[in-house]
Amino acid sequence: MQARPRDFSLALVCLSCWAVHALVHRARGSAVELVWGCNLGALFIALGVLGRARALTSVGTFWLAAGTPLWLMDLAFGGQWLLTSLLTHGVVFSLGVRWQVLDGPAPGAAWRALRGGALLQQCSRWLTHWSLNVNVSWGIYPPMRRYFSHFSGYWIFALVYIAELYFAL
């Protein structure tokens, strides 16, 4: 990852955006929401740029590339709206895309993001309550139940969607 004069400042902006969002979740008693891939992706982008770890920045950006449209879909179906979500899905994601355009994705970033996401989903099963369905680790997202009757079919569909997206980037 090339060091550019503004990168450190912009990485601190990313970290600040994530921290504000994290503090809001903590104040609301919903800190477990920080396990969502988008929230971790935003943190990865900030830490990746600060540490000049291009792979971490790429994975964070890929996770937000997959998660942001899903977050918007969730909002369309009446999901929870937090103003600070715009910091992670808007500000941090756009800066992550900026770094991907300037530096290119890290070699093997799509595979890393895919494997990391699968691991994150399993960790979400161990760390979160089933009723929250964080990272869709426990069941089918409710509006999609009309199309899928079994979690395994839904999981394979989501995996293919995300893999196609990552490898297209």
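This is a predicted model: local features need pLDDT of at least 70, side-chain atom pairs count only at pLDDT 80 or more; totals for chains, interfaces and linings use all residues.
1. Two packed helices are described by the angle between their axes and the distance between the axes. For helix α2, which covers residues 37-50, and helix α3, which covers residues 54-76, the angle is about 150° and the axes lie 7 Å apart. Angles over 145 degrees count as roughly antiparallel, and α2 and α3 are therefore roughly antiparallel to each other. The crossing in which α2 passes α3 is left-handed.

2. The contact between these two helices draws on G37, C38, L40, G41, A42, F44, I45, L47, G48 and V49 from α2, and on L56, T57, V59, G60, T61, W63, L64, G67 and T68 from α3.

3. Helix α5, formed by residues 109-127, packs with helix α6, formed by residues 151-168, at an angle of about 150°, and here the axes are 9 Å apart. This pair, too, is therefore described as roughly antiparallel, while the crossing of α5 and α6 is right-handed.

4. On the α5 side, the contact is made by A110, W111, A113, L114 and Q121, and on the α6 side by F151, W155, L159, I162, A163, Y166 and F167. The residues of the contact of α5 with α6 fall into eleven nonpolar and one polar, and none of them is charged.

5. A158 also has its place in helix α6. Is A158 buried, exposed or partly exposed? With a relative accessibility of 23%, A158 counts as partly exposed. Its C-alpha atom is separated by 9.6 Å from that of V136, a residue 22 positions away along the chain.

6. A disulfide is a covalent bond between the sulfur atoms of two cysteines. With a disulfide taken as a pair of cysteine sulfur atoms within 2.5 Å, the count for this model comes to zero. For C17, the closest cysteine sulfur is that of C14, and because the separation is 6.4 Å, this is too far for a bond. C17 has a relative accessibility of 8% and so counts as buried.

7. C123 likewise takes part in no disulfide, the nearest cysteine sulfur being that of C38, 17 Å away.

Conventions:
Residues are numbered from 1 along each chain as its sequence is written. Side-chain values use heavy atoms; hydrogens and water are left out. Axes are lines fitted to C-alpha atoms, for helices over the stretch in contact, and angles run from 0 to 180 degrees between N-to-C directions. Helices (H or I, at least four residues) and strands (E, at least two) are DSSP runs, numbered from the N terminus. Angles under 35 degrees count as roughly parallel, over 145 as roughly antiparallel, 65 to 115 as roughly perpendicular and the rest as oblique. A crossing is left-handed if the near helix is turned anticlockwise from the far one by less than a right angle, and right-handed if clockwise. Contact means heavy atoms within 4.5 Å. Ala, Val, Leu, Ile, Met, Phe, Trp, Tyr, Cys and Pro count as nonpolar, Asp, Glu, Lys and Arg as charged, and the others, Gly among them, as polar. Buried means under 20% relative accessible area, exposed over 50%, partly exposed in between (1.4 Å probe, protein chains only).
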